[in-house]
Amino acid sequence: MKNKVVIIGCGNVGMSYAYALLNQRTAVSELVLIDINKDKAIGEAMDLNHCLAFAPTKIDIKAGDYSDCKDAKIVAIAAGANQDIGETRMDLIEKNNKVFESIIKQVMDTSFKGIFLVATNPVDVMSYITWKHSKTQPEKVIGTGTTLDTARLRYEISKEININTKNIHAYVLGEHGDTEFVPWSNATVGLQNIRDFLENDKLEEICTKVKNAAYEIIEKKGNTSYGIGMSMIRITNAILSNENAVLTVSSYDKNNDVFVGGPTIINERGAKERIYVRLTEIETEKLQNSIDTLKTAINKISTNKQEETVDEEIEVI
């Protein structure tokens with residue numbers, strides 16, 4: 001299987017990912033764009049191909065269709081409704097569930113054996129939906145989870161203490177959304193605990209900034225795209241280069257039957273293994289709150305689906 005990536009959804013997120021793939025030195029050899037607007041996919045492929053003379057690596061880029069998924073290593077899904085001003089990520093569930101049901105069926109009809117990389121919000125719920133609709137192994141489905149939130153966190157800490165983000169080891173866990181949290185008990189700068197650098201009030205201020213970042217960006221520019229695009233690159237590289245990298249993706253938590261953001265070993269097999277971090281009692285409660293929120297959302301989808309089925313049967317009769 002060649003290092004082929006298929007992107008479904010050529011909106012801001014999908015194309016930020018595609019453009020980043022072209023600019024970063026990755027192992028991707030072929031890139032296929034699929035969009036409901038076929039002309040847009042064609043135009044985007046043309047535009048990207050005109051970058052190749054200055055790109056670090058050669059990538060075959062084209063607009064395609066679902067048949068291209070058959071031999072892809074990664075199918076990245078960035079299709080679905082966008083988060084509008086005033087909306088939470090959870091407000092998008094019903095719209096995007098219907099979109100995903102159609103997308104996943106068409107992908108799996110090609111006998112796709114690769115890895116799903118899900119970016120559509122609410123990403124934890126959509127990752128679970130992808131797994132259910134595809135009937136593939138859970139390790140073959142990876143949501144972007146809290147990788148972007150973790151990048152935002154490290155940036156905010158770096159800004160405060162003037163130390164490179166690569167030497168800041170702090171993570172955001174839980175739902176990629178309003179119940180996410182930072183386990184400060186596990187946060188270090190180099191080998192020193194974060195509290196040697198920042199007071200509790202400042203840590204809480206940073207946590208709030210990270211949690212509200214998407215709302216602020218959407219209010220100011222209408223969407224978030226570059227950060228999530230780079231997060232997808234990081235996950236893609238971990239898969240294609242078989243890195244065994246630890247990233248806070250949304251992976252399957254078998255103990256709770258949800259996909260939720262947490263440190264996970266990523267390699268060519270997908271989400272190889274979740275790492276269950278030792279948390280304080282308060283942090284454990286926050287994680288459980290996130291899990292319960294996601295379970296409620298998933299159960300609501302199932303309930304609505306049953307109601308729709310009953311309505312359809314009544315109409316037929």
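Strands S11 (residues 250-253) and S12 run antiparallel and are joined by four bridges; strands count as paired if DSSP finds at least two bridges between them. Helices (H or I, at least four residues) and strands (E, at least two) are DSSP runs, numbered from the N terminus. Across this pairing, Ser 250 sits opposite Gly 261 of S12. The S11-S12 hairpin has four residues between its strands, and Asp 257 in this hairpin takes a positive phi near 55°.

A word on the model itself. It is a predicted one, in which local features need pLDDT of at least 70 and side-chain atom pairs count only at pLDDT 80 or more, while totals for chains, interfaces and linings use all residues. Residues are numbered from 1 along each chain as its sequence is written, and side-chain values use heavy atoms, with hydrogens and water left out. The predictor's confidence in each residue, pLDDT, goes from 0 to 100; its mean for the protein is 92, and 91% of the residues reach 70 or more. Residues 306-317 are another story: pLDDT stays under 50 there, and the model has one contact beyond four places in sequence for this stretch. Contact here means heavy atoms within 4.5 Å.

Buried stands for under 20% relative accessible area, exposed for over 50%, and partly exposed for in between (1.4 Å probe, protein chains only). In a regular strand, side chains alternate between the two faces of the sheet.

Aromatic rings come next. Rings of Phe, Tyr and Trp (its six-membered ring) pair if their centres lie within 6.5 Å, and planes under 30 degrees apart count as stacked, over 60 as edge-to-face and the rest as tilted. The structure holds five aromatic pairs. One of them, Phe 112 with Phe 116, is edge-to-face, at 5.0 Å centre to centre and 70° between the planes. Phe 112 is buried, with a relative accessible area of 4%, and Phe 116 is buried too, at 1%. Trp 131 and Tyr 252 make a tilted pair, 4.5 Å centre to centre with 45° between the planes. This pair links distant parts of the chain, 121 residues apart: Trp 131 is in helix H4 (residues 123-134) and Tyr 252 in S11. Trp 131 is buried, with a relative accessible area of 14%. Ring pairs tie Tyr 128, Trp 131, Tyr 252 and Phe 259 into a cluster.

As for nonpolar cores, each is a set of buried Ala, Val, Leu, Ile, Met, Phe, Trp, Tyr and Cys residues joined through side-chain atoms within 4.5 Å. The largest has 38 residues, and those with the most contacts inside it are Tyr 17, Leu 31, Leu 33 and Ile 142. Elements that each supply at least two of its residues include strand S1 (4-8), helix H1 (12-23) and helix H7 (226-240). H7 gives the largest share of this core, seven residues. Leaving aside residues up to four places away in sequence, Tyr 17 touches Val 5, Ile 7, Ala 76, Leu 117, Gly 229, Met 232, Ile 233 and Thr 236. Apart from this core lies another, of 33 residues, with Tyr 66, Ile 93, Met 126 and Val 258 among them.

In H1, buried residues include Gly 14, Tyr 17 and Leu 21.
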